[in-house]
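Hello,

Here is the structure I promised to pass on. Have a look at it first, and my notes follow below.

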Amino acid sequence: FFKIDTTVATCKIVTIFKNADQHIYIGSDAYGLYAYRANDVPEKISTMFPINKGVATADSTIWVGTDVGLFRKRKNEWVRYNEEGVSNFEIPDNIVQNLVVDNTGLLWVLMRNGLAVIETVNSKDLKKSKSHSHEDEHGHIPSKEYLGRPQNSIYDIHYYKNKGYLFATDMGMLYLPTYKNEEVV
């Protein structure tokens, strides 16, 4: 099992996820992000906080949603996405409440005020029609300030193949159908 650092063991853990390299990541609300490797003590890899959610995509990229934006770590390089658009990686809100990778490989960034969709390496491979992802274009990431009505929080999402997306929201369940050959991003 894991050797637990007493600092990590006693703080509020808000997210646990594993990447394709089988590293386990643990995010705390106030002490940052830790990486666990087999039979090792945790390594603090970031002091960002407060962390709300973390996920990994098929290419071992890790994504961390915080109250100060979205962070991506790929090949030991961190990139920040936020409302003010650092390096043109702009999202509608800095408070990222949830991250969901759907079964097509798209990363859904669910924020207090809006949502954004990011194509990941895996989603491109599944489509086989694009040579790069939207976020690598340094342009605007496909996003929406709200779904249904303003201040309607989105909590979760599920994709039904060739049917559409079902969103869990303050307004209840909302359904967004997709049509043949239609892309979300």
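Strand 2 (residues 24-28) and strand 3 (residues 33-36) run antiparallel and are joined by 4 bridges. Within this pair, isoleucine 26 has tyrosine 34 of strand 3 as its bridge partner. Strands here are DSSP runs of E with at least two residues, numbered from the N terminus, and two of them pair if DSSP finds at least two bridges between them.

A word on the source: this is a predicted model, where local features need pLDDT of at least 70, side-chain atom pairs count only at pLDDT 80 or more, and totals for chains, interfaces and linings use all residues. Residues are numbered from 1 along each chain as its sequence is written, and side-chain values use heavy atoms, with hydrogens and water left out.

Back to the sheet: 4 strands make up an open, antiparallel sheet in the order 1-2-3-4. Strand 1 (13-18) and strand 4 (43-46) are at the edges with a single partner strand each, so one side of each has no neighbour in the sheet.

Most peptide bonds are trans, and most residues other than glycine have a negative phi. The bond from phenylalanine 49 to proline 50 is cis, with omega near -10°; proline 50 lies in the loop between strand 4 and strand 5 (51-56).

The loop between strand 7 (69-74) and strand 8 (77-81) holds lysine 75, whose phi is positive, near 50°. Asparagine 76 is in the loop between strand 7 and strand 8, and its phi is positive too, near 65°. Lysine 75 is exposed, at 78% relative accessible area, and asparagine 76 is exposed at 70% (exposed means over 50%, with a 1.4 Å probe and protein chains only).

Best wishes

Methods: Buried means under 20% relative accessible area, exposed over 50%, partly exposed in between (1.4 Å probe, protein chains only).
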